[in-house]
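I'll jot down what I look up, one entry at a time.

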Amino acid sequence: MAIFLDTGKIEEIKKYYEMGIIRGVTTNPTILVKEGVTGGMDGVKKRSIEIAKLIDPFPLSVEVTSNDPQKMLDQGIEFSKWASNINVKVTIHGINGELDNLQVINKLETKYDVRVNVTAMMSAQQCFLAAMAGATYVSIFGGRVNNMGYDSRIEIRKLRDLLDNFELDSKIIVGSTREVINVVEWLHAGAHIVTCTPKFLEGMIVHPYSKETVQMFLKDGAKFE
Ligand code: E4P
């Protein structure tokens, strides 16, 4: 079980990596745009290599930017060469439900030896088929599942049981964190990994009653100085 950081911000990654509490990083084009990555694909490459070096040998997910099958394949192969710990994110299908993606995912994994993280999934059945196609990671967006009125924990449990029963090696990543409680509740539900935004890690660590307790210890400790 592990926590990944869902960000492209170097300072945040460095901070939590040096605490020893993260085991990988995930990004997507929306995250990189929000965080001000510029310079086109060269900018993405530069940032990705920087993160990959910083967390090596822990994995970094970098997402393809096209839904054209050949371009997804080409980008997947190219991104995976930027660093040995980079895996490639590919969505489960296209914007209109085009079905080319699983074939690309299967090819990347089996023919080109590229580790794939299948993303933008909202159900156990999508993740199950992505796992059957050979994906190393299957990413379900827990927060978006909850927002649609379904209990993400039930989907995660169902998915973990399916992967275990079918002896599939894919690892479940749950992303789309919305509340601090998501990290532990999703791991508890059966996720191998939860990827969360940095602010939630701070929220997990800091507790008002711990602050008060520390203050008491320091106040009394000062009496010995
Ligand atoms: C996961 O890998 C995704 O990058 C991410 O968690 C998506 O989250 P969102 O629903 O906040 O966009």
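**Entry 1**

I started with D113, which sits in the loop between α5 and β5 (116-121). Before going further, I noted that this is a predicted model. I looked up the phi of D113 and got a value near 55°, which is positive in a residue other than glycine. I wrote a reminder beside it: most residues other than glycine have a negative phi, and most peptide bonds are trans.

I found P57 in the loop between α3 and β3 (60-63). The peptide bond leading from D56 to P57 is cis, and its omega is near 10°.

**Entry 2: helix pairs**

Next I went through the helix packing. For two packed helices I note the angle between their axes and the distance between the axes.

*α1 with α3.* I looked up helix α1, residues 10-18, against α3, and their axes come within 10 Å and cross at roughly 10°. An angle under 35 degrees counts as roughly parallel, so I put α1 and α3 down as roughly parallel to each other. Who touches whom? On the α1 side I listed I10, I13, K14 and Y17, and they meet R47, E50, I51, L54 and I55 in α3. Sorting this contact of α1 with α3 by class gave me six nonpolar residues, three charged and no polar ones.

*α3 with α4.* Helix α3 covers residues 40-55, and I have it packing with α4 at an angle of about 40°, the axes being 9 Å apart. I therefore labelled α3 and α4 as oblique to each other. The crossing of α3 and α4 is right-handed. From α3 I noted M41, V44, K45, S48 and I49, which meet Q75, F79 and W82 of α4. By class, the contact of α3 with α4 holds five nonpolar, two polar and one charged residues.

*α4 with α5.* Here I checked helix α4 (residues 69-82) against helix α5 (residues 101-110): their axes cross at roughly 30° and come within 10 Å. That makes α4 roughly parallel to α5. I marked the crossing of α4 and α5 as right-handed. The contact uses P69, M72, L73, G76 and I77 from α4, with N101, V104, K107 and L108 from α5. I sorted the residues in this contact of α4 with α5 into six nonpolar, two polar and one charged.

**Entry 3: around the ligand**

Which residues surround the ligand? My list reads D6, N28, I31, K89, F141, R144, G175, S176, R178 and T195.

Then I looked up some distances to oxygen atoms of the ligand. For N28, an N or O atom in the side chain is 2.8 Å from a ligand oxygen. R178 also uses its side chain, with an N or O atom 2.9 Å from an oxygen atom of the ligand. For S176 I noted a backbone N or O atom instead, lying 2.6 Å from a ligand oxygen.

**Entry 4: to look at again**

I'll go back to the cis bond from D56 to P57 and to the positive phi of D113.

Note on methods. Residues are numbered from 1 along each chain as its sequence is written. This is a predicted model: local features need pLDDT of at least 70, side-chain atom pairs count only at pLDDT 80 or more; totals for chains, interfaces and linings use all residues. Side-chain values use heavy atoms; hydrogens and water are left out. Axes are lines fitted to C-alpha atoms, for helices over the stretch in contact, and angles run from 0 to 180 degrees between N-to-C directions. Helices (H or I, at least four residues) and strands (E, at least two) are DSSP runs, numbered from the N terminus. Angles under 35 degrees count as roughly parallel, over 145 as roughly antiparallel, 65 to 115 as roughly perpendicular and the rest as oblique. A crossing is left-handed if the near helix is turned anticlockwise from the far one by less than a right angle, and right-handed if clockwise. Contact means heavy atoms within 4.5 Å. Ala, Val, Leu, Ile, Met, Phe, Trp, Tyr, Cys and Pro count as nonpolar, Asp, Glu, Lys and Arg as charged, and the others, Gly among them, as polar. A residue is near a molecule or strand if one of its heavy atoms lies within 4 Å of it. A polar contact is a pair of N or O atoms within 3.5 Å; within protein, one must be able to donate a hydrogen and the other to accept it, and residues adjacent in sequence count only if both atoms are side-chain atoms.
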